[in-house]
Amino acid sequence: MAVVSKGLEGIVAAETRLGEVKGAEGILFYCGYDINELAGKVSYEEVVYLLFYQKLPNRVELDKLTTALRAERELPQGVIDYLLAAPKKAKPIDIMRTAVSMLGSYEMNRHDVNVSENLATAIRLVSQISVIAAYFHRARTGKSLPPIRKDLSEAAHFLYLMSGEVPSKEAEKTLDVAYVLHAEHGFNASTFTARVVASTLSDMYSAISAAIGALKGPLHGGANEGVIHMLEEIGSPDKVDAWVADALAQKKKIMGIGHRVYKVLDPRAPHLREMAIQLTAQLGEAKWIQMSERIAEIMREQKGLNANVDFYSATVYYSLDIPTDLFTPIFAIARMSGWTAHVLEQWSENRLFRPLSEYVGRPYGQKVVPIDER
Ligand SMILES: CC(=O)SCCNC(=O)CCNC(=O)[C@H](O)C(C)(C)COP(=O)(O)OP(=O)(O)OC[C@H]1O[C@@H](n2cnc3c(N)ncnc32)[C@H](O)[C@@H]1OP(=O)(O)O
Ligand SMILES: O=C([O-])CC(=O)C(=O)O
């Protein structure tokens with residue numbers, strides 16, 4: 001019998017220079033930089049540069065990348081037409097997945113074009129993914145599509161497209177830090193999905209569409225939406241204890257809690273918690289954070305499980321007045337930099353991913369019985 005690692009737990013599938021998740025210590029590095037060193041000190045665009053080039057940019061290098069990102073914001077008309085015509089009740093994450101796939105039909109998306117062309121595709125995806133999300137949201141709510149602007153950061157531009165107005169510096173900073181915190185996380189399910197697709201020497205758009213599909217699930221990026229649904233269902237801080245006890249008795253998973261790799265607190269959670277505390281206090285809506293704090297406390301004490309990145313980010317996005325079904329798309333917007341960097345890394349040292357499985361089905365030697373006799 002082969003040793004089976006269900007869910008590939010503990011398996012090292014490849015080397016990477018991008019992110020390192022130290023689960024026992026609760027430490028996360030992007031290219032050697034501790035997330036606590038990066039968060040609040042560098043912009044999302046600097047993190048994109050870091051992941052693409054494995055070093056932080058100087059001013060000239062950052063300006064060059066920023067200009068390239070902003071130059072790519074316009075979507076092909078065919079994709080805009082799709083966003084306008086798509087079912088208004090569709091989940092934005094599904095629309096994003098389809099639109100990314102469509103984008104792939106607008107260019108010669110072969111893996112074997114040169115490295116700089118693959119990098120240009122990665123930049124285009126990082127730039128266009130937020131436009132897709134915001135434009136679909138505008139279209140489904142019957143609002144006009146604001147013209148693309150090139151004078152706004154990635155975070156500010158998304159908020160501007162969503163509302164039609166340039167956001168406050170504070171809202172921009174909040175989303176920018178959230179992007180930084182979500183950009184990269186080693187071989188998580190969606191990144192691994194992207195790398196598996198890339199390892200067949202398929203194209204970047206196929207890899208990223210698949211990654212978005214993987215992120216959507218409630219055990220992964222979809223959990224941030226699940227957190228708000230849970231808080232809404234609970235309703236008030238005094239109902240938390242009974243609600244959690246009931247959910248655990250029914251063997252339900254509490255969204256935003258637990259992590260495959262972190263055995264202690266996810267280092268991104270304290271940043272998001274702090275942001276959530278400040279934002280909800282400003283809005284006079286402290287009950288969201290009060291409910292969250294109590295849920296986290298119960299899960300820590302009763303199950304030894306901690307909050308993950310999705311737990312407090314939900315309240316942060318809620319406080320920014322972002323509709324719940326755009327929370328996972330925001331995760332995808334931020335993680336696009338990590339996904340595309342991983343696809344580029346995969347191609348730079350490619351070997352096809354092809355694990356084995358342990359056969360546990362019917363015994364060997366089954367005989368075919370003619371169909372009318374079965
Ligand atoms: C960005 C991200 O992807 S971060 C993760 C986002 N996902 C979530 O927040 C969803 C809720 N969390 C979970 O489902 C899990 O913690 C996962 C999927 C993230 C990691 O899980 P795994 O390492 O595979 O652990 P697994 O699901 O096997 O759980 C192990 C035990 O802990 C329990 N457990 C783990 N997480 C939770 C949770 N959130 N609520 C209740 N129980 C939990 C399981 O029920 C199981 O208990 P048992 O041994 O008594 O059956
Ligand atoms: O690493 C994981 O398993 C999940 C993930 O993407 C993250 O926590 O950011």
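**Close-up 1. Contact between domain 1 and domain 2 in the predicted model.** Domain 1 places 20 residues in contact with 22 residues of domain 2 (contact: C-beta atoms, placed from the backbone, within 7 Å). The side of domain 1 that touches domain 2 receives two or more residues from each of strand 2 (27-30), helix 1 (35-38), helix 8 and helix 16 (327-348). Helices are DSSP runs of H or I with at least four residues, strands are runs of E with at least two, and both are numbered from the N terminus. Helix 8 gives the largest share of this side, five residues. By class, this side of domain 1 has 13 nonpolar, six polar and one charged residues (nonpolar: Ala, Val, Leu, Ile, Met, Phe, Trp, Tyr, Cys and Pro; charged: Asp, Glu, Lys and Arg; polar: the others, Gly among them).

**Close-up 2. Helix 8 packed with helix 13.** Helix 8 (residues 169-182) and helix 13 (residues 269-283) have axes 11 Å apart, at an angle of about 160°. Axes are lines fitted to C-alpha atoms over the stretch in contact, and angles run from 0 to 180 degrees between N-to-C directions. The two helices are therefore roughly antiparallel (over 145 degrees).

**Close-up 3. Residues where helix 8 meets helix 13.** From helix 8, Thr 174, Val 177 and Leu 181 meet His 271, Leu 272, Met 275 and Leu 279 of helix 13. This contact has five nonpolar, two polar and no charged residues.

Residues are numbered from 1 along each chain as its sequence is written, while chains are lettered from A and ligands numbered from 1 in the order in which they are written. In this predicted model, local features need pLDDT of at least 70 and side-chain atom pairs count only at pLDDT 80 or more, whereas totals for chains, interfaces and linings use all residues.

Conventions
Parallel < 35°, antiparallel > 145°, perpendicular 65-115°, else oblique. Contact = placed C-beta atoms within 7 Å.
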